[in-house]
Amino acid sequence: MSKPAGFSQRCLHYAFDYQTPKTLVIPDIGVGCVFRFGQLLVLLYVVGYVCVVRKAYQETDSVISSVTTKVKGFAFTNTTDMDPRFWDVADYVIPSQGDNSFFVITNMVVTPNQTQSRCPEVPNPSTTCMDDCDCIEGHSDPRGNGIQTGLCENYSTTAKTCEVLSWCPLEIDTKLPEHALLASAENFTVLIKNSITYPKFNVHRRNILPHINSSYLKRCEFNRATDPDCPIFRLKNIVSEAGEDFKTCWIMDDLYCMFLKGGVLGIIIDWSCDLDWWAGKCYPKYSFRRLDSKHPVNNVAPGYNFRFAKYYKTQDGEETRTLIKAYGIRFDVIVFGTAGKFGIVPTIVNLGAALSILRLIPVVTDWFMLTCMRKRDRYRKQKVTNLNEDAETESVSGTSYGTH
């Protein structure tokens, strides 16, 4: 055979010869146990954690949500600052309902019959004075209550302060009522209507489930044991599940009592859904948590409050107002969730990853046996022996092949 023909044949063999990996059998039960144990760990990880726990075979989508709320309940107050008064939802829910949060007044400081006039400032280090020279006309302090007129007036028999142009009489909010004025707030109820969608899977759900009708909705109240699907919540139960207590706050002067100082509570709705045909469950799960700080050291400016006013006109046309510094609970409705459904692409990806890990088991087994086991010399000897036997077999086969 000529040299060009032999060269061409070798190139064809190099290009088209089919090669398969050779399997080396190690006849040792200990090594086999280590190898099978490694495979078992990989299978348990893939099946137990990746598939069952993480559900990595699923495609996922994030929730899109809308929330509306409606509070109901009544209260009655009778204090020295104002006449006996009946409160309904238009009075104690500020601002109007409808967003992902709502505020319910539980305590307040009321300053009635304010008019725009002049009056002495409330005493503090920046407003006290000895004479008019200590007051600057036109000066306004953002932490104060008005614009100074330049006069120093008697605030009381023992104190003189700079006069200001403001709504008088000025608010004094240094001492809160000892008990929450709207104690009846614990019996108020709130209806939460929540609609969600998962656009990738074209799934739409409401927290008012299909089996809930009008008659049930009129009499039900959320209870985790008896009525877990009812979307009507009593504020007392929300606060209790968040780890707070109405009555303890009324008895004890607690700095962090949200019914005296105000606070923020989260109503958390979890819409985590498994949309596989063998599961098919997609229902809301409710939980409650206090969101504002109760840190025992950093206790500056605790609670939650804001001011609003109600304006009136007297018979002679003078404008007056009642200023209310409202303490209460802001309820934030927080909706989150992820839906999962079987997908061929993530399934193939995770199966490929599992097979790749399985291919590493022989390498790990060899490393473990050659470095960590007491019988590593025996293992090395058996492996070399088998390799030598294979080499001898190949040489014999090669001789025979060459003979033929």
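Reader: Which strand holds Asn113?

Author: Start with the naming. Strands are DSSP runs of E, at least two residues long, and helices are runs of H or I, at least four residues long; numbering starts at the N terminus. Asn113 sits in strand β5. This is a predicted model, where local features need pLDDT of at least 70 and side-chain atom pairs count only at pLDDT 80 or more, while totals for chains, interfaces and linings use all residues. Residues are numbered from 1 along each chain as its sequence is written, and side-chain values use heavy atoms, with hydrogens and water left out.

Reader: What is the phi of Asn113? Is Asn113 buried or exposed?

Author: Its phi is positive, about 55°, although Asn113 is not a glycine. Asn113 is exposed, at 59%.

Reader: Where is Lys55 found?

Author: Lys55 is in the loop between α2 (29–53) and β1 (58–62). Lys55 also has a positive phi, about 50°, and is not a glycine. Its relative accessible area is 28%, so Lys55 is partly exposed.

Reader: Back to β5. Which strands pair with β5?

Author: Look for bridges. Two strands pair if DSSP finds at least two bridges between them. Strand β5 (residues 101–120) pairs with strand β15 (residues 319–336) over 11 bridges, in the antiparallel sense. There, Val104 faces Ile329 of β15. β5 also pairs with strand β7 (residues 160–168), again antiparallel, over six bridges. Pro120 has Glu163 in β7 as its bridge partner.

Reader: What joins Cys168 and Pro169?

Author: A cis peptide bond, with omega about 0°. Pro169 lies in the loop between β7 and β8 (189–198).

Reader: How do I read a contact? Which residues does Gly343 touch?

Author: A contact means heavy atoms within 4.5 Å. Leaving out residues up to four places away in sequence, Gly343 touches Tyr57, Gln58 and Glu59. Gly343 and Gln58 are 285 residues apart in sequence, yet 5.1 Å apart in space, C-alpha to C-alpha. Gly343 sits in the loop between β16 (338–342) and α8 (344–359). Gly343 is buried, with a relative accessible area of 2%. Now take the chain: of its contacts between residues at least 6 apart in sequence, 68% join residues at least 24 apart.

Reader: How many cavities of 30 Å³ or more does the structure hold?

Author: Rolling a probe the size of a water molecule over the atoms shows where empty space is left. On a 1 Å grid over the protein atoms alone, a cavity is a set of points where a 1.4 Å probe fits but cannot get out; lining residues have an atom within 4 Å of a point. A volume is the space filled by probe spheres set on the points, which are joined across faces, edges and corners. There are two such cavities.

Reader: Which residues line the second largest cavity?

Author: Phe222, Phe233, Arg234, Asn237, Ile238, Glu241 and Phe288. Its volume is about 30 Å³. α5 gives the largest share of this lining, three residues.

Reader: How many helices and strands are in the chain?

Author: The chain has 10 helices and 16 strands. Of its 404 residues, 35% are buried.

Note on methods
Buried < 20%, exposed > 50% of the residue type's maximum accessible area, 1.4 Å probe, protein only. 1 Å grid on protein atoms, 1.4 Å probe; cavity = no way out; pocket = protein on both sides within 12 Å on 5 of 7 lines; lining within 4 Å.
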